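The following exercises ask you to read a structure step by step, with a worked solution after each task.

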Amino acid sequence: MNILIVDDEEEIREILTFTLETEILADFIYAESGKDAIKCINELKDIDLIICDDNMPNGNGGVVYKHLVSKDIQIPYVLCSSSNSDEFDIYKMGNQFLGEITKPHIYEGVSKILNPYWSSAAYLL
């Protein structure tokens, strides 16, 4: 299991990693911007999940999601932002959008979004 965590704040990347490590077996890949995330998506063919902030310099989360939809890349996408996904029409497109984690409630959001997703997976600790 490879999870791409995209956030311009190192502290948020660390919190997400720590929270996920307590629940599942995974390797983590990090990007600090939408531009970096798209580069990872294009170069790495084994990403299983993307958790992405929306408000970042050099390409926001909507740019990353639009890339997935436009290229028909079927990687589940989770928005991790203080903004609500309903504020953005882009997240209504495609079928990659898995849900959202609302900052600062990261732990609760990870449990709410990912537990149903992982319930049938062999990645649980």
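## Exercise 1: a charged patch

Asp8, Glu9, Glu10, Glu11 and Glu14 gather in a patch of negative charge on the surface. This is a predicted model, in which local features need pLDDT of at least 70 and side-chain atom pairs count only at pLDDT 80 or more, while totals for chains, interfaces and linings use all residues. Residues are numbered from 1 along each chain as its sequence is written, and side-chain values use heavy atoms, with hydrogens and water left out.

Task: state where glutamate 11 is found and whether glutamate 11 is buried or exposed.

Solution. Such a patch is made of residues with over 30% relative accessible area and no salt bridge, like charges being joined within 9 Å and nonpolar side chains (Val, Leu, Ile, Met, Phe, Trp, Tyr) within 5 Å. Glutamate 11 is found in helix 1, residues 10-21 (helices are DSSP runs of H or I with at least four residues, strands are runs of E with at least two). Glutamate 11 has a relative accessible area of 55% and is therefore exposed, given that exposed means over 50%, buried under 20% and partly exposed in between, with a 1.4 Å probe and protein chains only.

## Exercise 2: strand 1

Task: explain why strand 1 is largely enclosed by the rest of the structure, and name the bridge partner of isoleucine 3 in strand 2.

Solution. Five of the five residues of strand 1 (residues 2-6) are buried, so the strand is largely enclosed. In a regular strand the side chains alternate between the two faces of the sheet. Here Asn2, Leu4 and Val6 are buried on one side, and Ile3 and Ile5 are buried on the other. Strand 1 pairs in the parallel sense with strand 2 (residues 27-31) over five bridges, where pairing requires that DSSP finds at least two bridges, and the partner of isoleucine 3 is phenylalanine 28.

## Exercise 3: lysine 103

Solution. A salt bridge is a side-chain nitrogen of Lys or Arg within 4 Å of a carboxyl oxygen of Asp or Glu. Lysine 103 meets aspartate 7 in a salt bridge at 2.8 Å, N to O. Lysine 103 lies in the loop between strand 5 and helix 4 and aspartate 7 in the loop between strand 1 and helix 1, so this pair ties together parts that are 96 residues apart in sequence. Aspartate 53 also forms a salt bridge with lysine 103, the closest N and O atoms being 3.4 Å apart.

Methods. Accessible areas come from the Shrake-Rupley method with a 1.4 Å probe; for residues, only the protein chains shown count as cover. Lys and Arg count as positive and Asp and Glu as negative; His and the chain ends are not counted. The place of a charge is taken as NZ of Lys, CZ of Arg, CG of Asp or CD of Glu.
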